[in-house]
Amino acid sequence: MLANQIGYYSLILGLLFSFLLCTIAIQDFNKVNKKLNANIIILTFLQLTFVIVSFFSLILSFINSDFSNETVFNNSHTTKPLFYKISGTWGNHEGSLLLWLLVLTLFIFLFLLKSNSQPKKYRILTLLFQQIIIIGFFLFVLTTSNPFNYLFPIPKEGLGLNPILQDPALAIHPPILYLGYVGASIIFSASLAAVAQNYISKEWAQHIKKWVLISWIFLSLGIMLGSIWAYYELGWGGFWFWDPVENVSLMPWLSLTALLHCIAVLERRATLTSWVVVLSITTFTLSMCGTFLVRSGLLNSVHTFANDPARGIFILIFLFVLIILSLGVFFIFHKDNNGNQNNFFWLSRETSILINNWFMMYFLSVVLIGTVYPIFLDVISSEKISVGPPFYHKLIAPFLIPFLLFMALGPRLKWIKSKIEKKYSIFIIFIISIILTFFIIKNLTTNILFYTLLLSVAFFLFFTTLKELLTKKLNNSSQTIAHFGFSLLILSILFNGILSSEVITNMKIGEKFKFGKEEIFFKKIEERRESNFNSIVAFFEIKDLEGNVVELEPEIRVYNQPLMVTSEADIKTTLLEDKFIVMNLVKGNEYFNVRYQSKPFMVWIWISVFLLGLGGTIALFKTRI
Amino acid sequence: MKKNITILITGVVLSFCFIILYKGLNNPNTYVPKTSIKKDIPIFNAVDFFSRKTVSSDEIFKDNTYYIVNIWASWCVPCRVEHPLLMQLNENHSIKLIGLNYRDSFNNAKKFIDEFGNPYSRILIDKDGTLGVEFGAFGVPETFLIDRNKKIIKKFIGPIDQEAVNKIKLMIK
């Protein structure tokens with residue numbers, strides 16, 4: 001009860017601090033002194049503190065199961081394990097917005113702390129732009145999604161957290177993803193400030209690079225966590241479904257990746273300034289767009305918490321205000337030092353980066369169209385269509401071939417101007433890749449030409465980066481590791497796609513089923529009770545030709561709060577393949593519907609994303625913080 | 001000149017997007033199963049709230065009339081909100097209300113009924129909540145409309161409002 005009050009008033013105080021900060025910042029802007037008014041940093045710290053207090057009081061209400069708080073009532077239950085009581089805090093609309101605010105205020109505070117060497121006016125403008133976003137979110141939270149609504153009479157019990165969200169990977173997925181999403185806000189504010197001050201330069205690139213990296217690392221990991229969760233919790237046996245909700249997290253990632261590469265060019269050549277600014281704006285806009293689409297109920301998914309139109313309209317208007325503001329700043333202040341771009345020599349590292357950026361923009365547009373086209377069509381003609389994986393595969397996969405090729409060659413070219421030297425080694429690697437691919441593909445009856453090309457370039461990137469890692473001094477290790485990770489990602493996705501096999505059948509206890517070289521044996525079932533669910537555990541044995549036995553124990557859970565039946569897959573992971581089994585009840589029958597899949601190289605998909613993140617982290621520590 | 005054209009195009013595209021998204025918001029696609037996909041009511045046995053006798057689903061839905069199955073609990077706040085509307089629905093003679101008392105204690109539920117009135121022609125006990133699952137419920141309260149052919153033709157997630165009541169009245173005409 002008390003925590004509720006404290007949380008609510010802290011939020012209001014936090015909002016007031018925004019206005020105070022803006023006033024002081026504007027006054028300080030025209031003062032001659034070179035240093036930033038020290039009060040500003042103190043005030044941002046206080047604002048952050050209030051948001052933290054508010055956030056913790058919500059956590060406290062969740063821990064204490066204080067059902068006089070509406071958010072707690074709607075999303076928690078006394079029998080939930082403590083871990084899920086806490087993660088329930090951000091597993092709902094109101095709490096997740098509070099998390100947005102927390103990250104927004106945290107980042108601006110850290111930014112001010114770490115940007116002492118930057119010009120004062122630029123820092124103040126960044127603060128002002130960031131405060132506009134913060135004020136928008138404060139108003140959004142306070143007017144439409146207050147996490148501290150009071151309920152009377154106080155219910156004895158809460159409604160519970162959606163069972164499929166009761167999962168460790170998903171408990172940390174939102175905070176990680178938000179660090180990436182909201183981290184893009186500081187890039188957005190800073191690049192707008194830099195445009196307004198005509199400060200897009202090599203120095204600025206060096207300074208902003210670490211923020212881009214932080215955001216990129218967290219976004220990559222956040223997407224991966226969501227994907228891991230979908231893999232074992234949704235029970236469909238895939239890791240990426242081109243679901244609109246996944247797409248809206250992939251889009252900012254694509255534009256952020258392009259931005260990262262543009263910054264690398266800007267750092268050395270003071271060019272591609274328009275790219276940098278537009279991509280900074282795009283990244284944050286796409287993050288906001290994602291929030292809008294997911295939270296407004298335009299897309300139906302596990303992330304849609306409430307279909308309150310007032311919320312949707314608020315975010316929509318706020319989103320467009322930000323877009324218009326940023327484009328306005330861009331069109332008015334941006335002076336393109338054009339001509340510079342045309343100076344690119346055709347064979348240079350920046351040219352290859354530019355080419356691949358265009359490819360990334362193409363991928364981005366494919367995903368964007370696939371995501372919003374159904375919505376637009378629905379509104380215009382009320383025709384409902386859904387865009388499935390084949391659309392994305394057809395449009396993206398062929399263009400991965402040149403993309404991967406440039407990724408492999410680019411880093412081996414020099415900045416500004418490179419010569420075609422006699423680099424036999426690269427040529428040899430290319431030949432090896434083709435031969436290797438040919439031998440692998442030969443035994444598979446698939447689209448041979450296409451897969452040979454795609455696999456060859458993927459292997460080519462794999463071997464060139466591997467050679468680099470093994471032989472060269474580690475001066476560009478971050479880039480090499482990240483590119484190596486990416487080649488591994490593509491390779492494991494391809495092999496996973498080609499070699500996966502699956503069977504769906506109805507089985508009863510004691511039955512055996514032959515599947516290829518393996519035999520599935522349904523041993524027995526067992527009932528178990530937990531505080532938040534009851535479950536039926538089945539015991540399966542998978543035996544292969546050599547007699548190796550793998551035991552799998554999938555579950556059917558009946559959660560009590562709220563009532564819901566979920567199927568928990570059981571997965572045995574080895575370096576070479578995952579064995580995945582999931583079952584469903586068949587109504588009024590002794591049979592269970594069993595789905596068994598063997599998925600090669602699954603674990604390498606996660607490992608390669610970790611490598612991507614590792615590359616980013618190394619780059620982060622190498623930049624002067 | 002080139003810049004002006006860029007600004008103009010951006011402006012047009014943005015306003016287009018805004019209008020479409022705004023319109024999209026106004027017809028939010030809240031999930032209501034299509035009426036064309038009619039689901040059979042589940043076959044089950046349940047314990048009657050007052051008589052404590054076990055009754056089968058055939059017995060419960062034996063009359064040739066429309067039924068409403070309402071999942072409720074005394075601890076559920078939104079249930080209190082929708083309760084007067086259920087009382088109002090009960091006045092309609094071409095419909096029978098079945099209450100599914102969800103994970104509740106008898107005394108609390110009894111108190112609730114005594115205080116707010118009993119709109120149900122029959123109340124079933126769903127102590128462990130499995131009956132709700134049979135119906136495909138997500139939580140409390142939830143309301144199902146069942147037609148004369150014993151098919152679920154409409155499902156309301158969350159408390160029903162006046163609009164839902166009007167819709168039900170229209171459908172049973």
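1. Does A:Asn443 count as buried or exposed? A:Asn443 counts as exposed, because it has 6 C-beta neighbours inside 10 Å. (A residue is buried if 20 or more other C-beta atoms lie within 10 Å of its own, exposed if 12 or fewer, and partly exposed in between, with C-beta atoms placed from the backbone.) A:Asn443 sits in the loop between α14 (424-442) and α15 (448-471) of chain A. From A:Asn443 to A:Ala310 the separation is 133 residues in sequence and 58 Å in space, C-alpha to C-alpha.

2. On conventions, this is a predicted model, in which local features need pLDDT of at least 70, side-chain atom pairs count only at pLDDT 80 or more, and totals for chains, interfaces and linings use all residues. Residues are numbered from 1 along each chain as its sequence is written, while chains are lettered from A and ligands numbered from 1 in the order in which they are written.

3. The two chains meet through a pair of helices. (Helices are DSSP runs of H or I with at least four residues, strands are runs of E with at least two, and both are numbered from the N terminus.) Helix α12 (residues 349-381) of chain A packs against helix α1 (residues 2-26) of chain B at an angle of about 75 degrees, the axes being 9 Å apart. α12(A) is therefore roughly perpendicular to α1(B). (Axes are lines fitted to C-alpha atoms, for helices over the stretch in contact, and angles run from 0 to 180 degrees between N-to-C directions; under 35 degrees counts as roughly parallel, over 145 as roughly antiparallel, 65 to 115 as roughly perpendicular and the rest as oblique.)

4. At this crossing, A:Ile375, A:Phe376 and A:Val379 of α12(A) meet B:Ile20, B:Lys23 and B:Gly24 of α1(B). (Contact requires C-beta atoms, placed from the backbone, to lie within 7 Å.)

5. Helix α9 (residues 244-269) of chain A has 26 residues and spans 37 Å from its first C-alpha to its last, close to the 38 Å expected at 1.5 Å a residue. (The expected span is 1.5 Å times one less than the number of residues.) Of the 26 residues of α9(A), 20 are buried, so the helix is largely enclosed by the rest of the structure. A:Ala270, whose phi is positive and near 50 degrees, follows α9(A).

6. A:Ser65 has a positive phi near 50 degrees although it is a residue other than glycine; its place is in the loop between α2 (38-63) and α3 (70-75) of chain A. A:Ser65 counts as partly exposed, because it has 17 C-beta neighbours inside 10 Å. A:Phe601, also not a glycine, has a positive phi of about 60 degrees and lies in the loop between β10 (592-600) and α17 (602-622) of chain A. A:Phe601 is buried, with 22 other C-beta atoms within 10 Å.

7. A:Phe403 belongs to helix α13 (residues 389-409) of chain A and is buried, with 22 other C-beta atoms within 10 Å. Apart from neighbours within four places in sequence, A:Phe403 is in contact with A:Asn356 and A:Phe359.

8. As for domains, whose bounds come from an automatic or database domain assignment, chain A is divided into domain 1 (1-166) and domain 2 (501-603).

How values were computed. Contact = placed C-beta atoms within 7 Å.
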